[in-house]
Amino acid sequence: MKDNGEMNHGGALLPEYRALWAEYYIRFLRLYQKEGVPISYLSVQNEPYAVQTWDSCLYSAKEEGEFVRDYLGPALEKSQFHDVKVLVWDHNKERAFEHVKEVFADKEASKYIWGTAFHWYSGDHFEALDLIRKNWPDKSLMMTECCVDLTCPSQSAAAERYAHEIIGDLRNGTRAFLDWNLLLDEEGGPNHVGNFCDAPIRMNTKTGKLDVRLSYYYIGQFSRFLPTGSVRTASTGYSEDLEHIAFGRPDGSTALMLLNRRDYDLPVIIRIDGWWKTLEVPAHSLSTVLIE
């Protein structure tokens, strides 16, 4: 179905197979639903600019927009899955803006698209998210893939990378954050092309023992203190030494999350409308202050 004649190593979807490929997505959704797994979001293609040794398919912005406009969008609309939300791009942040700018310019394609999916592998590029949010406020942003490779120097470094990314993403309009993958085996797999990674939980498949790592608790702190319905509120800081983000929660309280990646403790004064409190954020820690 691709111009390179194989599943891997890139290649582009041949135009004559676009309708069939859209139907494949519908069948995919139907079979997962049959197994009791409802799907709410659908990405057009993982990493559409990457020629990979694993399953991959290349899409230009024009091609992705045309596929959504003429095939995938109408197929979903006519099916029982018309409420499934479609995401485009699903690749690194630094080229996200230039890609979705062309996709969203096509109004007929744009009407089927819920938002932009992105990854973290080329660095922060949080400004790209801010550009997308400001130019298309009706679209959403979702971090759909990130992982730490096996060369990461420590559990602390991995956990702090997650926290730094989550704070930066949420400060620039992101609505959801997904790790890839939460649980892997002792090798960092399984993986059919040897692309082994670290994970917040590693399992010894011989003993069944779980190795719950520091990044699991860092991710868990965001999940625990930012329940569904939380809304980001403005916060400003005196120093770049301390990363921060604040959310109004559905119960009326405010959660202020503070990340200290430095080698020393940081004194902090929190001030809101004349109320203030002092505290100290330990070195290499993620702290949450819950203000009721």
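Residues are numbered from 1 along each chain as its sequence is written. In this predicted model local features need pLDDT of at least 70 and side-chain atom pairs count only at pLDDT 80 or more, while totals for chains, interfaces and linings use all residues; side-chain values rest on heavy atoms, with hydrogens and water left out.

Helices and strands are DSSP runs numbered from the N terminus (helices are H or I of at least four residues, strands are E of at least two). Two strands count as paired if DSSP finds at least two bridges between them. Strand 1 (41-43) pairs with strand 2 (85-92) in the parallel sense over three bridges. Here Tyr-41 stands opposite Lys-85 in strand 2. Between strand 1 and strand 2 the chain passes through helix 2 (residues 61-78), and this β-α-β crossover is right-handed. A crossover has that hand if, with the strands pointing away from the viewer, the path from the first strand over the helix to the second runs clockwise.

Strand 2 also runs parallel to strand 3 (residues 113-119), joined by six bridges. Leu-87 stands opposite Gly-115 in strand 3. Seven of the eight residues of strand 2 are buried, where buried means under 20% relative accessible area, exposed over 50%, and partly exposed in between (1.4 Å probe, protein chains only).

Met-143 has Phe-177 in strand 5 as its bridge partner. The path from strand 4 to strand 5 goes through helix 6 (residues 155-171), again as a right-handed β-α-β crossover. His-164 lies in helix 6 and is buried, with a relative accessible area of 14%. Its C-alpha atom is separated by 9.0 Å from that of Asp-124, 40 residues apart along the chain.

Next come the spaces. Rolling a probe the size of a water molecule over the atoms shows where empty space is left. On a 1 Å grid over the protein atoms alone, a pocket is an open set of points with protein on both sides within 12 Å along at least five of seven lines, a cavity is a set where a 1.4 Å probe fits but cannot get out, and lining residues have an atom within 4 Å of a point. Grid points are joined across faces, edges and corners, and a volume is the space filled by probe spheres set on the points.

The largest pocket has a volume of about 1600 Å³. It is lined by 46 residues, and those closest to its centre are Gln-45, Asn-46, Asp-55, Asp-90 and Glu-145. Helix 1 (18-34), strand 1, strand 2 and strand 4 each supply at least two lining residues, and helix 1 gives the most, with five. By class the lining has 25 nonpolar, 12 polar and nine charged residues; Ala, Val, Leu, Ile, Met, Phe, Trp, Tyr, Cys and Pro count as nonpolar, Asp, Glu, Lys and Arg as charged, and the others, Gly among them, as polar.

The structure holds one cavity of 30 Å³ or more. About 40 Å³ of space lies in the largest cavity, and its lining includes Ala-12, Arg-18, Cys-57 and Glu-63. Cys-57 is buried, with a relative accessible area of 8%.

How many disulfides are there? The count is zero, with a disulfide taken as a pair of cysteine sulfur atoms within 2.5 Å. The sulfur of Cys-147 is 3.5 Å from the closest cysteine sulfur, in Cys-197, which is too far for a bond. Cys-147 is buried, with a relative accessible area of 8%.
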